[in-house]
Amino acid sequence: MGAVSTGPQRVWVFMDAGDTFIYGYPTFYEALRDCFQLAGQELSLDRARAAVSDYMTLNPPRHLVTQERFSRYFRTLYRQVLETLDYPADAEAGTGWLWNEWQSGHRLRLFEDVRAALDHLRAAGCRLGVISNWDLTFESVLRRLGVFERFEIGIASCAVGVAKPDERIFRMALDRAGIAPGEAWYLGDREDTDILPAKRLGMKTILIDYYDQGHGNGLADYHATSLSQAVHWILREEKERLSASFDFP
């Protein structure tokens with residue numbers, strides 16, 4: 001990320017990454033299916049989803065605040081899921097293949113409207129940051145997706161030793177921006193790790209629901225089915241503070 005610029009105070013918009021503006025396609029479940037196909041056996045996506053869900057329910061991904069912990073958790077997940085599904089080849093080799101798929105980042109995509117939405121915010125005078133529970137591949141992922149330079153502040157949990165929902169990771173971003181929580185927005189796809197801690201600090205919040213699942217208990221200030229819709233709410237709310245002139249409906 002570039003250095004935070006000086007000048008007139010602008011509206012800061014921070015956001016989560018995974019399923020907020022980045023998604024997996026082909027998905028991890030399809031990666032499991034591909035791993036099985038390489039070993040000469042078919043695997044249904046339903047079985048893959050069930051095995052992953054069962055593992056993560058019993059072993060939720062908590063405190064993944066270093067690269068070593070992150071790597072250990074997911075490599076263990078991969079191996080256990082492969083063994084549960086009766087992987088027909090060497091499970092250690094399959095685990096390595098799945099881990100390399102993650103580290104390469106080639107299965108990660110931007111939702112279709114993201115670049116335009118980010119550019120719209122920047123053109124309106126907003127300053128952007130990202131706060132994500134991610135490993136040390138985070139910067140390379142943003143660069144590969146072509147959005148690294150759009151964010152002035154980027155914080156990945158494994159780089160700073162703190163993970164959401166710990167409020168300290170949000171405070172790190174606010175401190176870097178030099179602003180109070182009430183001067184910033186936070187956008188995320190989960191109420192527990194995104195919306196609740198941000199709101200407790202006093203940030204304005206938007207729940208992003210690209211999959212239109214209607215999830216959420218109304219904790220966020222707004223609910224949006226895309227980043228573009230979130231931009232609409234932000235620009236309406238902040239029109240008095242923004243330097244650019246827009247025709248707001």
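These are my notebook entries on a predicted model.

**Entry 1: the sheet**

I began with the strands. I found an open sheet of six strands, paired in parallel, in the order β5-β4-β1-β6-β7-β8. Which strands stand at the edges? They are β5 (153–156) and β8 (222–224). Each has a single partner strand, so one side of each is left without a neighbour in the sheet. Neighbouring strands are turned by 20 degrees against each other on average, with direction ignored.

β6 and β7 pair in the parallel sense over four bridges. In this region W185 stands opposite K204, which belongs to β7.

**Entry 2: helices on the sheet**

I looked for helices that touch the strands. α10 packs on the sheet and touches β1, β6, β7 and β8. Its direction makes about 145 degrees with that of β8. Helix α8, residues 167–177, lies across β1, β4, β5 and β6. I noted that α8 runs at about 160 degrees to β5.

**Entry 3: the cores**

The largest nonpolar core has 38 residues. Which of its members touch the most other members? They are V13, F21, I22, L187 and L227. I listed the elements that give two or more residues to this core, among them β1 (12–15), β6 (184–188) and β7 (204–208). Helices α5 (114–123) and α6 (138–144) are also on that list. The largest share, five residues, comes from α10.

I followed one member, I22. Leaving out residues up to four places away in sequence, I22 touches A17, L108, R109, L110, F111, W134, V141, L142 and L145. There is also a second, separate core of 22 residues. A48, F70, Y73 and V81 are included in this second core.

**Entry 4: helix α1**

I checked which residues of α1 (28–38) are buried. They are E30, A31, L32, D34, C35 and F36. I noted that E30 and D34 are on this list. What do the buried residues pack against? They pack against three helices: α2 (45–58), α3 (67–84) and α4 (91–104). Just after α1, G40 takes a positive phi of about 85 degrees.

**Entry 5: cysteines and rings**

I searched for disulfides and found zero. C35 is buried, with a relative accessible area of 1%. C126 is buried too, at 5%.

Then I went through the aromatic rings. The structure holds 19 aromatic pairs. W12 and F14 form one that is stacked. Their centres are 5.4 Å apart, with 10 degrees between the planes. Are these two residues buried or exposed? W12 is buried, with a relative accessible area of 0%. F14 also counts as buried, at 0% relative accessibility. Elsewhere I found a cluster linked by ring pairs. Its members include F28, Y29, Y55, F70, W99 and F138.

**Entry 6: two residues up close**

I looked at G24 in strand β2 (residues 22–24). G24 counts as partly exposed, because its relative accessibility of 32% lies between the cut-offs of 20% and 50%. Not counting residues up to four places away in sequence, G24 touches R107 and L108.

S157 came next. S157 sits in helix α7 (residues 157–160). Its relative accessible area is 1%, so S157 is buried. Beyond four places in sequence, S157 touches L64, V65, S132, N133, W134, V162, A163 and I169.

**Entry 7: backbone details**

Which peptide bonds did I note as cis? One runs from Y25 to P26, with omega near -5 degrees. P26 is in the loop between β2 and α1. Another runs from K164 to P165, with omega near 15 degrees. P165 is placed in the loop between α7 and α8.

Phi of D19 is near 65 degrees. D19 lies in the loop between β1 and β2, and at 29% relative accessibility D19 counts as partly exposed. Phi of D86 is near 60 degrees. D86 is in the loop between α3 and α4. At 57% relative accessibility, D86 counts as exposed.

Conventions
Residues are numbered from 1 along each chain as its sequence is written. This is a predicted model: local features need pLDDT of at least 70, side-chain atom pairs count only at pLDDT 80 or more; totals for chains, interfaces and linings use all residues. Side-chain values use heavy atoms; hydrogens and water are left out. A nonpolar core is a set of buried Ala, Val, Leu, Ile, Met, Phe, Trp, Tyr and Cys residues joined through side-chain atoms within 4.5 Å. Buried means under 20% relative accessible area, exposed over 50%, partly exposed in between (1.4 Å probe, protein chains only). Contact means heavy atoms within 4.5 Å. Two strands pair if DSSP finds at least two bridges between them. Axes are lines fitted to C-alpha atoms, for helices over the stretch in contact, and angles run from 0 to 180 degrees between N-to-C directions. A disulfide is a pair of cysteine sulfur atoms within 2.5 Å. Rings of Phe, Tyr and Trp (its six-membered ring) pair if their centres lie within 6.5 Å; planes under 30 degrees apart count as stacked, over 60 as edge-to-face and the rest as tilted.
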